[in-house]
Amino acid sequence: MTRINKFEMRLSALSENESFARSCVAAFCLPLDPSIDEINDVKTAVSEAVTNCIVHAYNGAPDKYIDMSVTAEEGGRLTVTISDSGCGIEDVEQALQPFYTTKSDEERSGMGFTIMKTFMDELLVTSQKGRGTQVSMTKYIRGARNVDSRTDSSTD
Ligand SMILES: Nc1ncnc2c1ncn2[C@@H]1O[C@H](COP(=O)(O)OP(=O)(O)O)[C@@H](O)[C@H]1O
Ligand SMILES: [Mg+2]
């Protein structure tokens with residue numbers, strides 16, 4: 001049976017917790033031996049998802065929470081699920097389009113979901129208007145060691 005390691009955390013929806021959340025995920029996935037690029041991809045995707053909760057779901061309201069659940073499976077499958085109980089998304093398909101933003105006035109680029117999609121291998125967004133949003137992202141960590149050993153053998 002595949003060995004799965006898991007952690008869950010609940011964070012106040014405050015901007016200072018964005019870097020805390022991404023550092024936690026980065027530290028947790030270290031046993032999968034990720035490359036620096038893989039760690040940076042995961043950190044960027046987590047930042048985008050957490051920022052969306054703070055900025056969009058709760059619109060900066062205090063005393064709100066973000067739930068994060070992370071699993072690391074033997075073999076390198078890393079899944080990060082970030083949930084809020086905020087305003088929800090009316091049309092998820094539309095929200096996933098590059099450059100789509102409901103906050104263009106605040107200089108949002110509308111590229112958050114596109115970045116998550118690009119930097120991770122799988123992205124699943126489910127949302128209910130008025131109830132909240134769940135973003136689940138998976139990355140298959142190939143690992144620094146795998147990359148190195150492949151490079152080594154190709155030079156043999
Ligand atoms: N957690 C969320 N709760 C409510 N709406 C969201 C959430 N995440 C994203 N959205 C909606 O999807 C749109 C696109 O998000 P994103 O691609 O990250 O671009 P941006 O954050 O720059 O607007 C946002 O403008 C917002 O309308
Ligand atoms: Mg965003």
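**A walk through the predicted fold**

Arg 77 stands opposite Tyr 140 in strand β5. Residues are numbered from 1 along each chain as its sequence is written, while chains are lettered from A and ligands numbered from 1 in the order in which they are written.

Start with the sheet. β3 and β5 pair in the antiparallel sense over eight bridges. Two strands pair if DSSP finds at least two bridges between them. β5 (residues 132–140) also pairs with β4 (residues 122–128), again antiparallel, over seven bridges. In that pair Ser 127 stands opposite Thr 133 of β5. Three residues lie between the strands of this hairpin, and Gly 130 takes a positive phi near 80°.

β3 has another partner. β2 and β3 pair in the antiparallel sense over eight bridges, and Thr 71 stands opposite Thr 79 in β3. These two strands form a hairpin with three residues between them. In its turn, Gly 75 has a positive phi of about 100°.

Now step back. The protein has five helices and five strands. From the N terminus, the order is β-α-α-β-β-α-α-β-β-α. Helices (H or I, at least four residues) and strands (E, at least two) are DSSP runs, numbered from the N terminus.

What radius of gyration does the protein have? The value is 17 Å, which agrees with a compact globule of 156 residues, because such a globule would have a radius near 15 Å. The radius is taken over C-alpha atoms, and the globule rule is 2.2 Å times the number of residues to the power 0.38. Along the principal axes, the C-alpha atoms fill a box of roughly 55 × 30 × 30 Å.

Contacts tell how the chain folds back on itself. Two residues are in contact if their C-beta atoms, placed from the backbone, lie within 7 Å. Among contacts between residues at least 6 apart in sequence, 70% join residues at least 24 apart.

Next, the interior. Buried residues make up 29% of the 156 residues. A residue is buried if 20 or more other C-beta atoms lie within 10 Å of its own, exposed if 12 or fewer, and partly exposed in between, with C-beta atoms placed from the backbone. In soluble globular proteins, nonpolar side chains tend to be buried together. Here the largest nonpolar core has 29 residues. Those with the most contacts inside this core are Ala 45, Val 46, Val 50, Cys 53, Val 80 and Ile 82. α1 (16–28), α2, β2 (65–73), β3 (77–84), α4 and β5 each give two or more residues to this core. α2 gives the most, with eight residues. A nonpolar core is a set of buried Ala, Val, Leu, Ile, Met, Phe, Trp, Tyr and Cys residues joined through C-beta atoms within 7 Å.

Ile 82 shows the packing in detail. Not counting residues up to four places away in sequence, Ile 82 touches Ala 49, Val 50, Cys 53, Ile 66, Met 68 and Val 135.

α2 also matters to the ligand shell. Which element gives the most to the shell around ligand 1? α2 does, with five residues. α2 (36–57) and α4 (112–119) each supply at least two residues. There are 22 residues around ligand 1, and Asn 52, Ala 95, Thr 101, Arg 108 and Gly 112 come nearest. A residue is near a molecule if its C-beta atom, placed from the backbone, lies within 6 Å of that molecule. The shell divides into eight nonpolar, ten polar and four charged residues. Ala, Val, Leu, Ile, Met, Phe, Trp, Tyr, Cys and Pro count as nonpolar, Asp, Glu, Lys and Arg as charged, and the others, Gly among them, as polar.

Some single residues deserve a look. Ile 4 lies in strand β1 (residues 4–12). Ile 4 is exposed, because 11 other C-beta atoms lie within 10 Å. Leaving aside neighbours within four places in sequence, Ile 4 is in contact with Thr 71 and Glu 73. The C-alpha atoms of Ile 4 and Glu 74 are separated by 6.3 Å, though 70 residues apart along the chain.

Finally, two loops. Most residues other than glycine have a negative phi. Asp 33, in the loop between α1 and α2, has a positive phi near 55°. Asp 33 counts as partly exposed, because 16 C-beta neighbours lie inside 10 Å. Phe 99 lies in the loop between α3 (92–95) and α4. Its phi is positive, about 70°. Phe 99 counts as exposed, because 10 C-beta neighbours lie inside 10 Å.
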